[in-house]
Amino acid sequence: MTEHFTICFLPAGLRGEVPRGTPLREAASALGLEIESLCGGRASCCRCRVRVLEAEEAAEHGTQSSGAHVSPLCDAELRARTSGRLGIQERFSCQARIEGELVVFVPEDSRVGRPIVRKRAGERACALAPAVHKYFVELVPASVGEPRGDWDRLHDELCTRFGLDVALTVDPVALRSLAEALRTERGRLTVTVWQGREVIRFEPGFRERALGLAIDLGTTTLGALLCDLDSGEVVSQSSAHNPQIRWGADIMNRIASTKPPGQLAAMQRAVAEAIGELARDATLAVGARPEDVVEVVVVANTVMHHILLGLDVHSLGVVPFCPTISRSLDVKARELGIPVLPSANVHLLPIEAGFVGADNVAAVLAAAPHESDTLTLLIDIGTNGELVLGNRHRLLSASCPTGPALEGANIRFGMRAARGAIEKVRVDPATHEVRFRTIGLPRWSDRLQPGEISARGLCGSAVLEAVAELFRAGLIDSTGRLYSERPCRRLRQNVDGMWEFVIAWAEQTAIGEDITLTQADVRAIQLAKAALYAGSRLLLDRFGAERPDRVVLAGAFGSVIDLERALAIGLFPDCGLGNVTAIGNAAGDGARMALLNVAVREEAGSLARRIEYLELSTARGFNDAFVAATQLPHAEDRFPSTETGWAPRAATD
Ligand code: FES
């Protein structure tokens with residue numbers, strides 16, 4: 001029998017018995033404490049650090065803790081300790097395995113913060129024609145002269161009275177509730193029919209309300225819009241982090257994580273349960289139950305789409321990135337393990353190609369470049385950058401390998417958008433002094449006492465702004481190099497010998513050390529923005545245009561970035577600041593439109609076939625365009641909107 005040991009996690013004080021050999025991070029998760037991970041437990045992100053207490057420190061917790069009660073340091077930990085990134089007594093919780101009683105302290109920056117998920121939709125108007133309808137029936141009871149089964153008589157009644165097709169079928173699980181529904185109100189019942197061809201629910205009496213759920217399943221976050229299918233109104237919204245984050249921050253890590261036996265199923269279950277939790281929160285808010293959700297529409301990138309369906313994703317990690325299925329699909333919620341009405345259908349919008357998934361199709365539906373003569377560049381910045389360029393005559397798309405830097409990952413002090421994350425940064429060009437704003441605090445750091453701030457790290461928008469501000473202040477040159485020779489008390493070399501700029505001093509943080517932007521962080525942002533810009537450039541060249549007429553930014557990141565600063569570092573082609581708009585969660589909005597109108601699903605299918613996909617990794621000219629775009633703002637292209645100086649800022653900006 002496997003030996004178990006008592007383990008206690010501080011400061012929460014969570015305690016439990018855990019089998020020998022369990023990684024500390026897994027043990028914490030089992031006890032209800034989530035520890036950060038951006039690398040999916042591959043010992044490369046350094047975000048899961050914990051401190052193992054020795055006996056004298058742990059005495060008051062009644063546990064014989066010791067550094068000898070965990071497995072030896074792995075190579076990655078040894079390297080991190082040599083470079084000073086891992087302190088004495090500290091361990092990577094994804095690597096250290098339990099070999100005895102332990103008390104483990106989890107520092108603030110290793111705890112997963114409560115997510116601030118910005119998955120609000122723009123709510124573009126759309127006509128109402130949902131797939132699900134309700135019919136009220138008063139069924140004549142069976143008699144000696146009419147002894148046919150309840151369903152047979154009801155079937156005929158529905159076809160005769162409401163003109164439904166005689167091919168109408170019934171979901172076998174829903175059928176189990178027919179007898180009771182008939183008995184409860186003596187033959188008066190409400191029947192829910194999907195697509196005019198399948199009965200999915202029987203309810204006693206007259207039940208008017210039908211609810212549907214539109215889900216935007218992103219690599220990092222999930223958003224849900226609960227819609228009233230009679231009025232088309234969004235009645236509540238909910239959002240959360242994608243629980244698959246524990247298997248890696250980006251798509252390639254997720255693909256790699258599906259390899260061990262049973263892991264794909266575990267990842268599928270995790271996301272299905274997360275959708276169920278969103279359904280529960282959203283329905284609870286309007287006094288309904290998850291069982292009242294009669295249809296779900298999901299949009300996702302191709303990898304998330306496949307994992308939700310439990311499909312093998314390995315082919316998505318290698319050229320030509322071929323999916324198992326591209327066209328739209330309807331699957332029973334119970335088959336996916338999504339706890340809504342078990343006989344409800346889950347509709348997945350079609351995939352365009354490789355990494356350009358149904359979420360991109362949905363974003364196009366919401367932004368509607370295909371309905372206008374204006375040449376629109378739609379940029380959806382998530383963990384991957386997805387681009388669509390076009391108008392009513394032609395649409396081109398591409399997927400850019402931006403990496404997760406724009407979401408704060410693989411950044412020395414990067415973190416997701418959560419309470420305590422610095423989201424805005426300003427650098428005085430003359431004094432090089434810094435002020436910043438953190439999520440959860442309405443005032444800037446210079447209006448607060450250091451102890452009131454408790455910053456925990458930098459989220460993506462802050463990293464981008466910091467690079468733009470340092471560039472404007474002359475502390476970064478156009479190649480992205482930090483000017484180490486400039487006299488500035490915030491510029492210094494860290495223990496690795498790398499130059500860095502201090503954004504927040506230790507006394508302003510909750511992590512007990514300075515929060516800095518390193519030279520490597522600047523490089524990560526340069527690479528991300530270069531991928532996005534080079535992708536845009538190649539699409540423009542393919543289209544035969546010099547620049548777009550308008551730029552539309554979709555996604556949570558697009559909603560929070562400072563457009564002027566984004567343009568100042570050359571994130572996208574300059575078509576005039578007045579022609580750049582952010583439309584929020586366009587993918588979620590497209591999912592809502594498909595939920596409310598079946599014709600939109602047809603339109604999605606035709607768009608997915610019509611959009612010409614450009615594979616950037618093999619496209620001629622991409623490397624040159626990429627290299628030119630790594631410069632700030634660009635080696636050749638001009639950005640007139642930022643050349644006359646940035647717009648004056650209000651005192652609160
Ligand atoms: S180093 Fe442990 S999760 Fe990344």
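Here is a short chat about a pocket and a sheet in a predicted model.

Biologist: Before we start, what do the pLDDT limits do here?

Modeller: Local features need pLDDT of at least 70 and side-chain atom pairs count only at pLDDT 80 or more, while totals for chains, interfaces and linings use all residues. Residues are numbered from 1 along each chain as its sequence is written, and side-chain values use heavy atoms, with hydrogens and water left out.

Biologist: OK, what volume does the second largest pocket have?

Modeller: About 590 Å³. A pocket is an open set of points on a 1 Å grid over the protein atoms alone, where a 1.4 Å probe fits, with protein on both sides within 12 Å along at least five of seven lines. The volume is the space filled by probe spheres set on the points, which are joined across faces, edges and corners.

Biologist: Which residues are closest to its centre?

Modeller: Of the 22 lining residues, those are Arg 25, Glu 26, Arg 246, Trp 247 and Gln 263. Lining means having an atom within 4 Å of a point.

Biologist: And where does the pocket lie?

Modeller: Domain 1 (4-110) and domain 3 (211-348) both give residues to the lining, so the pocket lies between them. The bounds come from an automatic or database domain assignment.

Biologist: Switching to the open sheet, what's the strand order?

Modeller: S2-S1-S5-S3-S4, with mixed pairing. Strands are DSSP runs of E, at least two residues, numbered from the N terminus, and two of them pair if DSSP finds at least two bridges between them.

Biologist: How many bridges join S1 and S2?

Modeller: Six, in the antiparallel sense. Ile 7, for one, has Gly 16 in S2 as its bridge partner.

Note on methods
Helices (H or I, at least four residues) and strands (E, at least two) are DSSP runs, numbered from the N terminus.
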